[in-house]
Amino acid sequence: MEKEKRNIMFIGGYIITFILVIIGTLFIGNISANSSKTVKIAHSSWIGFYPLDLAEEKGFFKDYGVNVKIKDIESKADSKSALASGKIQGIATSVDTNVLSAASGLKIQNILALDTSTGADGLVGIKSIKSFKDLKGKTVALDTTGGASYFWFNYMLQKNHMKLSQMKVDSMDSGAAGSAFVAKKVDAAMTWQPWLTKAEARKNGHIVMSSKSSPGIIVDTLGLSTDFIKNHPNEVKGIIKGWYKALSYIKSNPKSAYKIMSGKAGIKPKELKKEMTTEIKLYDKNGNKKYFGTEKNKGQIYKISKIASNLWYTSKISKNKISADKVTNPTFVNQIK
């Protein structure tokens, strides 16, 4: 009888232990699954974003514990809806675009400066269009859903005391706008590299103006969902560190870096290197600290965000204004030593 009790107790103990092991395994599996969840970041075909693809390709994000997947989404509207629905967690785009998105109710904050355009954005047109004012009565390809091109275009409209109604606008993304001009479907287009070079090579085509004429207006950032930022602060730091590592790799291994990035850009490494070294400036760790500043000494991003918020509102593109403080999160770039 005593022996039977001991057998029963042994079997019962074994079953309990087995159940606990199973539960523990499932628990650990869930932790592992959560920690390895893919973070999806969208960007368009802009040369300043390709270091993100480099970081993904080389595993730099994973080096800091984050599994990042870069997605190509050209349309600003599509990337906004994807973030709102949780299909992606971040958008690499211009400061003004994320400001407009936040003003429309999208929960997003800029957490990292990526690049500033120093000639890689521009207005291309037929030779008879010699200045911005010559756009009156012309057909212009322009992304009216937001973005750097639309922000800059509206900035120039206000500066020249003009209205959008004074020209015929064909709305399309900036890449398609450049393509439309090269195909001689429009008189002018607001676009970016590599389309500026292609447009300039078109017969009777030239660059009317480039972002060199408006320094500091077009700046690109990485905006992340505010919920993601709140719930995954370590992953946010890992993404930023992955970006910094990509920039370091470009400097130490330029041949390999530009080969990888040119595959994403669809142009030759030599051409991409020229554009990225002469027409944009990439923001590294020190550049980010300076651009964001601190709570007591705020950086340039707050000024551009305020300009964007006011411009979108006065242009009646946005029904609301949003404060620069609400759409800007300097915490992480300042925490990384």
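A residue counts as buried when its relative accessible area is under 20%, as exposed when that area is over 50%, and as partly exposed in between. The structure described here is a predicted model.

**Overall composition**

The protein has 16 helices and 11 strands. Of its 337 residues, 50% count as buried. The accessible surface comes to about 16,800 Å², and carbon and sulfur atoms account for 54% of that area. Among contacts between residues at least 6 apart in sequence, 76% join residues at least 24 apart.

**The six-stranded sheet**

Six strands form an open sheet in the order β2-β1-β3-β10-β4-β11, and their pairing is mixed. The edges are taken by β2 (67-72) and β11 (280-282), each of which pairs on one side only. On average, neighbouring strands of this sheet are turned by 30° against each other, direction ignored. Within the sheet, strand β4 (residues 108-117) pairs with strand β10 (residues 219-225) in the antiparallel sense, over seven bridges. Asp115 stands opposite Asp220 in β10.

Helices pack on this sheet. Helix α5 (residues 95-103) touches β3 (90-94), β4 and β10, and its direction makes about 120° with that of β3. Helix α10 (residues 233-252) lies across β1 (38-43), β2, β4, β10 and β11, and runs at about 10° to β4.

**Helix α14**

Helix α14 (residues 300-314) has 15 residues. From its first C-alpha to its last it reaches 21 Å, close to the 21 Å expected at 1.5 Å a residue. Its buried residues are Ile301, Tyr302, Ile304, Ser305, Ala308, Ser309, Leu311 and Trp312. In an α-helix there are 3.6 residues a turn, so residues three or four places apart point the same way. The buried residues of α14 pack against helices α5, α6 (148-159), α13 (285-292) and α15 (324-327), and against strands β4 and β10. After α14 comes Lys316, which has a positive phi near 65°.

**Salt bridges**

The structure holds four salt bridges. Side chains of opposite charge can pair when their charged atoms come close.

In a second bridge, the closest N and O atoms of Lys245 and Asp63 are 2.7 Å apart. Lys245 lies in helix α10 and Asp63 in helix α3 (residues 60-63), so the pair ties together parts that are 182 residues apart in sequence.

A further bridge joins Asp325 and Lys298, whose closest N and O atoms are 2.7 Å apart. Here too distant parts of the chain are linked: Asp325 belongs to helix α15 and Lys298 to the loop between α13 and α14, 27 residues apart.

The relative accessible areas of the residues in these bridges are set out below.

| Residue | Relative accessible area | Class |
|---|---|---|
| Lys69 | 41% | partly exposed |
| Glu56 | 23% | partly exposed |
| Lys245 | 30% | partly exposed |
| Asp63 | 45% | partly exposed |
| Asp325 | 44% | partly exposed |
| Lys298 | 40% | partly exposed |

The classes follow from the cut-offs given at the start. Lys245, at 30%, counts as partly exposed because this class lies between under 20% and over 50% relative accessible area.

Notes:
Residues numbered from 1 in each chain as written. Predicted model: local features only at pLDDT ≥ 70, side-chain atom pairs only at ≥ 80, totals over all residues. Heavy atoms only, no water. Pairing = 2+ DSSP bridges. Helix = DSSP H or I, 4+ residues; strand = E, 2+ residues; numbered from the N terminus. Axes fitted to C-alpha atoms, helices over the stretch in contact; angles between N-to-C directions. Contact = heavy atoms within 4.5 Å. Expected span 1.5 Å × (residues − 1). Buried < 20%, exposed > 50% of the residue type's maximum accessible area, 1.4 Å probe, protein only. Areas by Shrake-Rupley, 256 points an atom, 1.4 Å probe, with all protein chains shown as cover. Salt bridge = Lys/Arg side-chain N within 4 Å of Asp/Glu carboxyl O.
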